[in-house]
Amino acid sequence: PGFAEARLVLAELNVQASAPQLAIEDLEKLVTSRPDLIPARDLLGSAYLAKGEPVKATEAYRRVAALVPRDSRGPYLVGRALLAQGKRGEARKEFEAALALAPGYVEPLAQLVALALAEKQPDLAAERVRRQIARLPRSAPLHDLMGQVHLARGETDRAEAAYLKALELQPQRVGTYVRLGDLYAGSGKYEQALARLDQALKVNPRNQV
């Protein structure tokens, strides 16, 4: 009964199997006996989000952030839970805090970009990514994100260049090959699209996307 690792794996399986309540019951017991077990609180937040209870997810994630205040994942998770509550302003502050702790952490920046695009501020979205690239010019994930922003702005040539730069820096990025293939397919360049998708399959033959 005290085998924490087994409980964590079981809870994760229950979340994946769309049985978040079972996961929550196990995890609540686990964090009661092991209050500082960060993976349990992290997964508890995910289970509450899966159940559609973002307020409780926020509470779980805030505890993660309090336990590891220098870890950027804490405020990022809190931001996600706040966003699920529709609290965009508060979520934005948490994503900014995550970026301040780890400038190379792309996930909070991607959330900020998505918020800017949703609010019809494509210039702001592009400027945010450019600023981070200026700080970390050899970050393949940032160039990939820049490509996505260019595509949202209808700048296909710039999107292509950004994706190619990401692949130059990190040739194993399956998602970038797929996005580049989609870009080519959307432009009627089917041979180039197939070539990029073939490269993606060479990197990961089991990929079904």
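Q: Where does Gln170 lie?
A: This is a predicted model. In it, Gln170 sits in the loop that links α10 (156-169) and α11 (174-186).

Q: Is Gln170 buried, exposed or partly exposed?
A: Partly exposed. Its relative accessible area is 32%. Buried would need under 20%, and exposed over 50%, so Gln170 falls in between.

Q: What does Gln170 touch, leaving out residues up to four places away in sequence?
A: Ala140 and Pro141.

Q: How far is the C-alpha of Gln170 from that of Pro141?
A: The two C-alpha atoms are 8.7 Å apart. Along the chain, Gln170 and Pro141 are separated by 29 residues.

Q: Staying with that part of the chain, which helix holds Asp144?
A: Helix α9, residues 140-152.

Q: Buried or exposed?
A: Asp144 is buried. Its relative accessibility is 1%, and the cut-off for buried is under 20%, so it qualifies.

Q: What does the Asp144 side chain make a polar contact with?
A: The side chain of Thr176, at 2.3 Å.

Q: Which residues does Asp144 touch, again not counting those up to four places away in sequence?
A: Thr176 is one of them.

Q: New topic, Pro69. Where is that?
A: In the loop between α4 (54-67) and α5 (73-84).

Q: How far apart are the C-alpha atoms of Pro69 and Leu101?
A: 9.4 Å. Pro69 and Leu101 are 32 residues apart along the chain.

Q: Now helix packing. At what angle do α1 and α3 pack?
A: About 15°. Helix α1 covers residues 4-16 and helix α3 covers residues 38-51. Their axes are 10 Å apart.

Q: Parallel or antiparallel?
A: Roughly parallel. Angles under 35 degrees count that way, so α1 and α3 qualify.

Q: And is the crossing left-handed or right-handed?
A: The crossing of α1 and α3 is left-handed.

Q: Which residues make the contact?
A: From α1, Leu8, Ala11, Glu12 and Val15. From α3, Pro39, Ala40, Leu43, Ala47 and Ala50.

Q: How many of those are nonpolar, polar or charged?
A: Eight are nonpolar, none is polar and one is charged.

Note on methods:
Residues numbered from 1 in each chain as written. Predicted model: local features only at pLDDT ≥ 70, side-chain atom pairs only at ≥ 80, totals over all residues. Heavy atoms only, no water. Axes fitted to C-alpha atoms, helices over the stretch in contact; angles between N-to-C directions. Helix = DSSP H or I, 4+ residues; strand = E, 2+ residues; numbered from the N terminus. Parallel < 35°, antiparallel > 145°, perpendicular 65-115°, else oblique. Left-handed = near helix turned anticlockwise from the far one by under 90°. Contact = heavy atoms within 4.5 Å. Nonpolar A, V, L, I, M, F, W, Y, C, P; charged D, E, K, R; others polar. Buried < 20%, exposed > 50% of the residue type's maximum accessible area, 1.4 Å probe, protein only. Polar contact = N/O pair within 3.5 Å; in protein donor to acceptor, adjacent residues only side chain to side chain.
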